[in-house]
Amino acid sequence: MDIHALPAGLQTAARLLDQWAVETTTPEPNRLDVRIDATDLLAAAKGMVKAMIHRPVTQRYPFERLAAPERFRSKLQWNLNECTGCGLCVKDCPANAIDVVTLDRKAKRFVFRYHVDRCTFCGQCVATCNKHCLSMPQDDWELAALNRDEFVVFYGNEADVQSVLAGSTDPDAATSAAP
Amino acid sequence: MWENVLEQIKTWARVNSPWAIHYNSGSCNGCDIEILATLTPRYDAERLGVKLQGSPRHADVLICTGSVTRQSRERLIRVYEQMPEPKFVVAVGACALSGGVFRGCYNIMGGIDEVIPVDVFVPGCPPRPEAILDGIVKLLTEIKTGEALAAQAQRRRIPLSLPEMGAV
């Protein structure tokens with residue numbers, strides 16, 4: 001069909017259409033030539049079989065508890081027998097998470113108050129302690145609680161802790177230091 | 001009888017799909033990264049139905065990290081207010097619990113619970129992904145037994161207090 005036989009508007013439209021058809025059907029020189037060969041199929045099949053037989057990578061944590069990494073630091077533990085009440089751990093703690101209340105230094109009556117909610121688990125207190133009475137075991141990390149009161153932990157003799165909790169030191173205590 | 005059944009269905013739905021939104025009110029990003037790790041396939045919090053939402057209006061659980069800075073306080077309250085009832089808050093990390101190493105700074109309001117009511121506290125700096133999962137499980141257990149809702153009903157009677165600027 002002769003294009004010149006058409007009305008002027010249709011002629012322009014036909015030309016534009018022609019141009020568009022040429023533009024879209026001409027292959028771009030940069031376009032990658034996609035070919036699939038046997039190696040690709042083999043690799044795909046390998047991946048598929050692997051995905052079918054390997055175990056899921058997901059840990060089953062709330063149902064199955066795995067051990068923490070060897071050097072993981074969790075809740076601080078305190079050993080009364082070794083402590084001299086020097087207070088270096090209190091000085092070094094960057095988060096002010098530790099208090100040592102001295103009821104009687106000679107009789108070794110200390111109360112160790114530890115705020116789990118402030119602790120950054122840096123382990124500085126453990127490194128500082130001369131008597132090695134502090135430790136951060138690796139497996140005590142399930143600390144989530146519904147109430148913040150649970151995060152204030154007292155270590156020490158039961159009677160001493162009670163007297164500190166009551167807000168008073170024992171009458172026979174020689175020295176007392178408020179936190 | 002019908003109300004009882006309806007309540008059971010609601011509880012079932014709440015326990016099985018706690019959609020979460022994460023808000024960082026002044027954290028160092030350590031806890032945020034651990035939260036993201038909790039959502040990755042290795043820990044896969046979606047097993048428990050936890051799905052991160054982009055909008056507080058689609059979320060049931062607000063996962064908060066970081067101590068609350070003065071700038072962030074009003075935004076935190078706004079995000080909390082935008083969430084539909086019932087809403088639960090999980091505070092993750094030492095800073096979110098008490099302010100952590102920033103406690104007592106001039107620009108820090110303190111922990112999350114100074115500003116909005118918190119249901120579960122997860123200590124750690126940062127907590128392990130397992131520890132965060134542990135916190136989520138404790139929250140879901142509380143929702144299941146109905147204690148969380150009871151506690152919330154108690155709380156709702158108290159209007160959200162807006163502490164004065166600088167009153168730390």
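The model is predicted, and the predictor gives the complex an ipTM of 0.82 and a pTM of 0.78. Chain A contains an open sheet of three strands, and the structure holds zero disulfides over all chains.

**Confidence**
- The average pLDDT of chain B is 87.
- In chain B, 90% of the residues score at least 70.

**Sheet in chain A**
- The strand order is β2-β3-β5, and the pairing is antiparallel.
- The edges are taken by β2 (98-104) and β5 (152-155) of chain A; each has a single partner strand, so one side of each is left without a neighbour in the sheet.
- On average, neighbouring strands of this sheet are turned by 20° against each other, direction ignored.
- β2(A) and β3 (residues 109-115) of chain A run antiparallel and are joined by six bridges.
- A:Asp104 has A:Arg109, in β3(A), as its bridge partner.

**Cysteines in chain B**
- With zero disulfides over all chains, B:Cys28 is in no disulfide, and the nearest cysteine sulfur, that of B:Cys31, is 6.1 Å away.
- A pair of cysteine sulfur atoms counts as a disulfide within 2.5 Å.
- B:Cys28 is exposed, its relative accessible area being 64%.
- B:Cys125 is likewise in no disulfide; for this residue the nearest cysteine sulfur belongs to B:Cys95 and is 6.0 Å away.
- The relative accessible area of B:Cys125 is 38%, which makes this residue partly exposed.

Note on methods. Residues numbered from 1 in each chain as written. Chains lettered and ligands numbered in written order. Predicted model: local features only at pLDDT ≥ 70, side-chain atom pairs only at ≥ 80, totals over all residues. Heavy atoms only, no water. Pairing = 2+ DSSP bridges. Helix = DSSP H or I, 4+ residues; strand = E, 2+ residues; numbered from the N terminus. Axes fitted to C-alpha atoms, helices over the stretch in contact; angles between N-to-C directions. pLDDT = per-residue confidence, 0-100. Buried < 20%, exposed > 50% of the residue type's maximum accessible area, 1.4 Å probe, protein only.
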